[in-house]
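Biologist: Could you take me through this chain, one topic at a time?

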Amino acid sequence: MLDRYRAEAGLANAAVAAADADAPPAWWPHHLFGAPHLHTVRDVLLHVITETACHAGHLDAARELIDGRRWLVLT
């Protein structure tokens, strides 16, 4: 399972490395989201990073509810 994840991450890294960060996205799903609100590859990458961090936080909160352990406590 992790081998497939690593392979996909490698493909994503190669695509990002080859892309011009200031270029518009090559494709946008107009039928799902309407007009693009992310105007450059950089905007898309920042959105992906933000969403990943947000959902990782949700998963961590769910894990805390399950096992009771807290890794980071802000006081």
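Biologist: Which residues does Trp 28 touch, not counting those up to four places away in sequence?

Modeller: Trp 28 touches Phe 33, Gly 34, Ala 35, Pro 36, His 37 and Leu 38. Contact here means heavy atoms within 4.5 Å.

Biologist: What kind of model is this, and what conventions apply?

Modeller: This is a predicted model, in which local features need pLDDT of at least 70, side-chain atom pairs count only at pLDDT 80 or more, and totals for chains, interfaces and linings use all residues. Residues are numbered from 1 along each chain as its sequence is written, and side-chain values use heavy atoms, with hydrogens and water left out.

Biologist: Back to Trp 28: is it buried or exposed?

Modeller: Trp 28 counts as buried, because its relative accessibility is 13%. The term buried means under 20% relative accessible area, exposed means over 50%, and partly exposed is in between, with a 1.4 Å probe and protein chains only.

Biologist: And where does Trp 28 lie?

Modeller: Trp 28 lies in the loop between helix 1 and helix 2. The C-alpha atoms of Trp 28 and Leu 11 are separated by 20 Å, and the two residues are 17 apart along the chain.

Biologist: What about Ala 23?

Modeller: Ala 23 also lies in the loop between helix 1 and helix 2, the latter being residues 30-33. Ala 23 is partly exposed, with a relative accessible area of 22%. Leaving aside neighbours within four places in sequence, Ala 23 is in contact with His 39, Thr 40 and Val 41. For Ala 23 and His 39, 16 residues apart along the chain, the C-alpha atoms are separated by 8.1 Å.

Biologist: How many helices and strands does the chain have?

Modeller: The chain has three helices and zero strands, and its elements run α-α-α from the N terminus on. The radius of gyration is 17 Å, well over the 11 Å that the globule rule gives for 75 residues, so the chain is more spread out than a compact globule. That radius is taken over C-alpha atoms, and the globule rule is 2.2 Å times the number of residues to the power 0.38. Helices (H or I, at least four residues) and strands (E, at least two) are DSSP runs, numbered from the N terminus.

Biologist: What box do the C-alpha atoms fill?

Modeller: Along the principal axes, the C-alpha atoms fill a box of roughly 45 × 30 × 25 Å. Buried residues make up 7% of the 75 residues. Of the contacts with a separation of 6 or more, 3% are between residues 24 or more positions apart.

Biologist: How many residues of helix 1 are buried?

Modeller: The count is zero among its 17 residues, and helix 1 is hardly covered. Gly 10 has its place in helix 1 and is partly exposed, with a relative accessible area of 37%. Gly 10 and Leu 45 are 35 residues apart in sequence and 15 Å apart in space, C-alpha to C-alpha.

Biologist: What span should helix 3 have?

Modeller: At 1.5 Å a residue, the 27 residues of helix 3 (residues 41-67) should span 39 Å, and the end C-alpha atoms are 39 Å apart, which agrees. The expected span is 1.5 Å times one less than the number of residues. Gly 68 follows helix 3 and has a positive phi, near 80°.
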